[in-house]
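Open the model in your viewer and keep the selection tool ready. Each stop below tells you what to pick and what you will find there.

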Amino acid sequence: MSYVYRFGGGVSDGGKGDKTLLGGKGANLAEMAAIGLPVPPGFTISTEMCTRYLAEGQAFPDSLNAEVATGLAHIEGVTGKRFGDPANPLLVSVRSGARVSMPGMMDTVLNLGLNDATVEGLAATSGDARFAWDSYRRFIQMYADVVLELDHGAFEEALEIAKEDKGYFLDTEMTAADWQALVAEYKTLVAELWGKPFPQDVHDQLWGAVGAVFGSWESDRARVYRRLNGIPGDWGTAVNVQAMVFGNMGETSATGVAFTRDPSTGRRAYYGEFLINAQGEDVVAGIRTPQYLTRDAREAAGAKPLSMEEAMPETFAELAKVFDLLETHYRDMQDIEFTVERGTLWMLQTRSGKRTASAALKIAVDMAQEGLITHAEAVARVDPAALDQLLHPTLDPKAPRDVLTRGLPASPGAASGVVVFDSETAERRAGLGDAVILVRVETSPEDIHGMHAARGILTARGGMTSHAAVVARGMGRPCVSGAGSISIDAKARVLRVGGREVREGETITIDGASGEVMLGAVPTVQPELAGDFGTLMAWADGVRRMRVRTNAETPADCRVAREFGAEGIGLCRTEHMFFDAARITAVRQMILADTEAGRRAALNKLLPEQRGDFAEIFEVMAGLPCTIRLLDPPLHEFLPHGEAEFADVAAAAGVGVEALKRRSAELHEFNPMLGHRGCRLGVTYPEIYEMQARAIFEAAIDVADKTGEAPIPEIMIPLVATRRELELMKAVVDAQAAAVFAERGRTITYLVGTMIELPRAAIIAGQIAASADFFSFGTNDLTQTTLGVSRDDAGRFLTTYVDKGIYPTDPFVSIDVEGVGALIEMAAERGRATRAGLKLGICGEHGGDPASIGFCEGVGLDYVSASPYRVPIARLAAAQAALRARA
């Protein structure tokens, strides 16, 4: 088995189809070299070696030595330089590259191969001693941080002190002698902090860096990123060792990051930043605020430093041709890293670019309309979960704004929240329910957990392609970066802008589309969902097989869901209607009554209220199926608590408070979620379900008479475990239907079915189906009862379970396919064996989860049901699942 794959110099051992083995970066470097682009030569050590290295106690097999030596010889042959040669040294970069992009989450080492001898050779061959010593100090600083794991701040502090001593403001003011003196200081720091001198053997340096990059796959920040993005822990990362090219060799050299289209808006325009006389990490780390790539972008931002188009017109024209070639070749928007070394352009990376939801939508639709991809490919390109960014409010343009400052509009969207200055505080306060804005000088990969917890991110330094910007766009968080006029005093926990101060805990608003930072909270408006959104959704609806309904029990929610394309109601929880302040007393009177007559008296008060509830919903959903779940929760949820509430019920029922308290005590349950609830209530108190069924049928006929369109009630009996329970409750419903139809002189179509939410029901689904017109899988309770885990209490340990690989994801977010999924498949198969046309749907929270929707397509369910704002997500996910099923 080979672990090393070469690229560049006319050789490509891999290509773009090898991402699993070579990682995205390695596969794309090989592919760019194969299509003739200027790629510095190198080699990739595969992801298989990463998983072996980590499994074998972070040790390399002896056989890898010869393979790496062959890879180095390849680079030496192409460049004419030799690794470790004092006269003409080869320097390399060592970078990570997983099969999917994980920006900033793993480690990189640049300028590797420098030591006290080769630095002199680099100075001689380049003719630039300042560049050579600057490269050496960068290498020591990076190697000490990434490989030796020494305090990064100590080296930053030494650099700042060196600049202060000379009266410098910028790194570019440092001379060769200044850098040489700092190198000596850095080497002293390494000896003090590490206890050994900085390694001078270039091969020791290389193996140390390769091990560190492989090891960074298991870093805390990489683990968090994988958990947030559903990336399996056993994938591993590849390592790319590549000849260095230098953007810091004077005014004809530069480095930059670019996108072939705007990753914030999706507009077809080159988007990016570059720095003259700099190395790549200067751009992405936000150490210097970079310059714009194009003149149009510079003028739009009102920036003075020349764009690359103006400062390096010939190189920019060459780069623009490469952009067009790569986008056409990969048929997607590309995120590209490049370096210009003394006027020569080199391509260091290309990958599909991270983008906001609105950009993903526009790019997919535009590329389909340009003929670059098909409509089906456009549907498959947009992450359904990312649509969430588009379905929520933006700042009201008419609202007054107290603008503190402006930065760069790095990730669109708007957010208000209290200011916090570190990621730990952001996570803690968000956990308490606060909306927070994370404010940092610049973010680093270590801030991933704080960025996820925050509603938005504000940085003083960094550009549109900085770590903060890229990660925020990927997460869908608004971000304003490079707000250079703000000063952050982390110790005093205060942000200063001009003469104004904002302390930690005070509220600000950021607008990632304009770059504005405002004091206080600014009101929002609902989004417009026409244009590209409507176009893509029409394409998605054209390919999906499953219907999409909504979980809703208020007219307002029903209207939102209809606007988002819902095709009916998959779950109307009637108990939510019972909590209304105007009727809770009658509900409590019904529960606390100790005779059927007492219960019926209270239910007669509730009947017109329930009828009105259903009529409002049916009007919105006229002509569509509406699944209505009869009363499900344990009665204790409705019981009075304080003296005043008991007095209200006593007055309504005409009985004493003490008698009511005794009755309340009799109803106490030790485990109410597994107690007297669901159909068990209907079996013992059938009059409750009688009232609800009558209200449903009367309302349906009222709406049919009024609108000419009859709704299709699908009455769902909850928590069924036996066929007999369903038979009894179906008889109650059918009797009420017959009575109402006789009274009104007309009939409507209706169905009676059950919720499959207990393992026993799934196992005997064949028997239950004999009495059911439909099954709806209540995956919230089915997950609880299958796993024996309370959803309300699981947060204390489920994150640990996912981190340790016990469950691949949170089973309350995405269906546990092996357990709960197996029960759903069994129930579907057995139910349809009894009743061929049995309608099957899902109505738990999983109905809005793209991965779970994919599972539902595989099982052959007829519909999924999601909360109103997740209906578009479910529509797109269902379309993608259908496309995968056909592939």
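The tour goes through helices, rings and charged side chains in turn. Bear in mind that this is a predicted model.

**Stop 1: two helices**

Select residues 118-126, helix α4, and residues 129-146, helix α5. How do two packed helices get described? By the angle between their axes and the distance between the axes. Here the axes of α4 and α5 come within 8 Å and cross at roughly 145 degrees. The crossing of α4 past α5 is right-handed. Now show the side chains. On the α4 side, pick Val-119, Glu-120, Leu-122, Ala-123 and Ser-126. They meet a set in α5 made up of Ala-129, Phe-131, Ala-132, Trp-133, Ser-135 and Tyr-136.

**Stop 2: Tyr-271**

Is Tyr-271 buried or exposed? Its relative accessibility is 10%, so Tyr-271 counts as buried, the cut-off being under 20%. Draw a distance from its C-alpha atom to that of Asp-134: the value is 29 Å, for residues 137 apart along the chain. Next, show what surrounds Tyr-271, leaving aside neighbours within four places in sequence. Its contacts include Val-257, Ala-258, Phe-259, Arg-261 and Asp-262. Leu-293, Met-464 and Arg-473 are also among them.

**Stop 3: ring pairs**

The model holds 19 aromatic pairs. Select Tyr-270 and Phe-316 for one of them. Their ring centres are 6.4 Å apart and their planes stand at 70 degrees, so this pair is edge-to-face. Where do the two partners sit? Tyr-270 is in the loop between β9 (254-259) and β10 (271-276), while Phe-316 is in helix α13 (residues 313-330). The pair thus links distant parts of the chain, 46 residues apart. Colour by accessibility here. Tyr-270 is partly exposed at 26%, whereas Phe-316 is buried at 8%.

Then select Tyr-53, Phe-60, Trp-207 and Phe-214 together. Ring pairs link these four into a cluster.

**Stop 4: charges over rings**

Pick Arg-99 and Trp-235. The charged end of Arg-99 sits over the Trp-235 ring, 3.9 Å from its centre. Repeat with Lys-661 and Phe-646. Lys-661 lies over the face of Phe-646, with 5.8 Å to the ring centre.

**Stop 5: salt bridges**

How many salt bridges are there? The count is 66.

- Glu-501 and Arg-496: their side chains form a salt bridge at 3.0 Å, N to O. Glu-501 is partly exposed at 39%. Arg-496 is partly exposed too, at 28%.
- Arg-573 and Glu-553: this salt bridge is 3.4 Å, N to O. Arg-573 lies in strand β28 (residues 569-573) and Glu-553 in the loop between β27 (547-551) and α20 (555-563), so the pair ties together parts 20 residues apart in sequence. Both Arg-573 and Glu-553 are buried.
- Asp-705 and Arg-746: the salt bridge here is 2.8 Å, N to O. Asp-705 is in helix α27 (residues 686-707), and Arg-746 is in the loop between α28 (723-744) and β31 (751-756). The two are 41 residues apart, so the pair links distant parts of the chain. Arg-746 is partly exposed, with 30% relative accessibility.

Conventions
Residues numbered from 1 in each chain as written. Predicted model: local features only at pLDDT ≥ 70, side-chain atom pairs only at ≥ 80, totals over all residues. Heavy atoms only, no water. Phe/Tyr/Trp six-rings, centres within 6.5 Å; stacked < 30°, edge-to-face > 60°. Helix = DSSP H or I, 4+ residues; strand = E, 2+ residues; numbered from the N terminus. Buried < 20%, exposed > 50% of the residue type's maximum accessible area, 1.4 Å probe, protein only. Lys NZ or Arg CZ within 6 Å of the ring centre and 35° of its normal. Salt bridge = Lys/Arg side-chain N within 4 Å of Asp/Glu carboxyl O. Contact = heavy atoms within 4.5 Å. Axes fitted to C-alpha atoms, helices over the stretch in contact; angles between N-to-C directions. Left-handed = near helix turned anticlockwise from the far one by under 90°.
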